[in-house]
Amino acid sequence: MTSPRYDVAVIGGGIIGLSTAMTLTSRFRVSLILIEAEDRLAAHQTGNNSGVIHSGLYYKPGSLKAQNCVKGREAMYRFCSEHGVAHDRCGKLVVATSPDELPALDELHRRGQANGLQGLRRLPSEQLRDYEPHVAGIAGLLVPETGIVDYKQVCEVFAAQIRQAGGTVQTSRRFLGCKRHSDALAVETTGGELSCKSLISCGGLQADRIARACGVEPGLQIVPFRGEYYELTPERRSLVKNLIYPVPDPRFPFLGVHFTRMVHGGVEAGPNAVLALKREGYRHSNISLSDVIEMASYAGFRRLIARYWKTGMGELHRSLSKRAFCKALQRLVPELRMEDITPAGAGVRAQAVDPSGAIVDDFRIVAAERMIHVLNAPSPAATASIRIGETIAEMAARNFELPVPA
Ligand SMILES: Cc1cc2nc3c(=O)[nH]c(=O)nc-3n(C[C@H](O)[C@H](O)[C@H](O)COP(=O)(O)OP(=O)(O)OC[C@H]3O[C@@H](n4cnc5c(N)ncnc54)[C@H](O)[C@@H]3O)c2cc1C
């Protein structure tokens, strides 16, 4: 084989692949190519998420999520200010609506403090309306460091930085497979073979499959969970000033529909979490028989379902019934009526599940010979993306033979 064309190939034009490529091209004199299967960047999780810059409130102190979210959040605010990306550090209110949620609210407060959050304030019922005039609850937690942003715009700026530093970003080019040679990797793509010295996979919903196609056993499987949104009609947007969240169930922190003001206007309500029958299944009608068979034959998936089917049925009910969805929202804002919300699209979460049926909670990034695979990057990975990109670039500097720093 002739000498490899690229030092590094990055798979996936979501926020993690782009952030990683941006850090590598800015820190090292690497020849780098990033390939994205779709015809645009941020086509999946990144471009269909809630647009929240998370504060770091929820995560177990010391976890990768906690460390990367807090540092990544500030890096994201700085980046957006420097590059003119639409964002607003508007704060959010977590609202307890029944006494049995108070211990979990206290625990959130403790975790937030342990994770170094500034300005957290526990609010009694009578002060909630000073911040959100239409909310109802028995207590709340004000989180001033939470914000909103346009992550698609962030990705466009990341891509511009990569190109400016000499990197290549190609859309409509899908990774198909990879062969190892003594001095290079031969990466098969829909745009022909490309040769590189090392590879970084940030494939989101396809992360486990890409790892296997590279000869790396991921030890988990991606299970897709669709998150469906409604939006408030323009006349009723005044019901929500910023972000209103319920107290999460500690076992399923990503469950619980909430209200989010969007950075370009409008207010979204959701998302729920419904099992999708296709990896990129944005609607109920999107079903892939091969994806369903792959899921059903995975013991981890069967164990997950056996354990949590009741919770899953509740989410499905809220997905099929607008009334049930609205009822969940009315716990936070009782004035909301069915006619105040209209359907507003969906995103699909790539949730890694291990063979025991446990949801892999923390970020998981593994190194293999001449490769790094991002196997689990759920929320708050968009918030933390700059920090995660730096972490991966540091791993690459240790594991790969990268040219001298730029
Ligand atoms: C509904 C929802 C709401 C969320 N809300 C928030 C939030 O408010 N704040 C937050 O911080 N996080 C949020 N998240 C999480 C966040 O969006 C993700 O953690 C983050 O976007 C993950 O980025 P990624 O680059 O790993 O994945 P993705 O954005 O999914 O990117 C992976 C990319 O790889 C590409 N790809 C896949 N296979 C191939 C292949 N074979 N060849 C080439 N390319 C390939 C895909 O097309 C895709 O573009 C949310 C997620 C969802 C789904």
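Visitor: How far is the sulfur of Cys178 from the closest cysteine sulfur?

Guide: The closest one is in Cys214, and the distance is 4.5 Å, too far for a bond. A disulfide here is a pair of cysteine sulfur atoms within 2.5 Å. This is a predicted model, where local features need pLDDT of at least 70 and side-chain atom pairs count only at pLDDT 80 or more, while totals for chains, interfaces and linings use all residues. Residues are numbered from 1 along each chain as its sequence is written, and side-chain values use heavy atoms, with hydrogens and water left out.

Visitor: Is Cys178 buried or exposed? And Cys214, buried or exposed?

Guide: Cys178 is buried, at 15% relative accessible area. Cys214 is buried too, at 5%. Buried means under 20% relative accessible area, exposed over 50%, and partly exposed in between, using a 1.4 Å probe and protein chains only.

Visitor: Switching to cores. How many residues does the largest nonpolar core have?

Guide: It has 46 residues, and Ile15, Leu24, Val154 and Ile200 have the most contacts inside it. A nonpolar core is a set of buried Ala, Val, Leu, Ile, Met, Phe, Trp, Tyr and Cys residues joined through side-chain atoms within 4.5 Å.

Visitor: Which elements give two or more residues to this core?

Guide: Among them are strand E1 (6-11), helix H1 (15-27), helix H5 (151-164) and helix H10 (385-399). H5 gives the most, with seven residues. Helices (H or I, at least four residues) and strands (E, at least two) are DSSP runs, numbered from the N terminus.

Visitor: What is Ile200 in contact with?

Guide: Leaving aside neighbours within four places in sequence, its contacts (heavy atoms within 4.5 Å) include Val8, Val10, Leu24, Ile372, Ile392 and Phe400. Another core, of 26 residues, lies apart from the largest one, and Cys214 is among its residues, as are Ile33, Ile210 and Leu375.

Visitor: Now the ligand. Which residues come nearest?

Guide: Glu36, Thr46, Phe175, Ala377 and Thr383, out of 38 residues around the ligand. A residue counts as near if one of its heavy atoms lies within 4 Å. H1 and strand E18 (341-353) each supply at least two residues of that shell.

Visitor: What about the backbone of Ile16 and Ser50?

Guide: A backbone N or O atom of Ile16 lies 3.1 Å from a ligand oxygen. For Ser50, a backbone N or O atom is 3.2 Å from a ligand nitrogen.

Technical notes:
A polar contact is a pair of N or O atoms within 3.5 Å; within protein, one must be able to donate a hydrogen and the other to accept it, and residues adjacent in sequence count only if both atoms are side-chain atoms.
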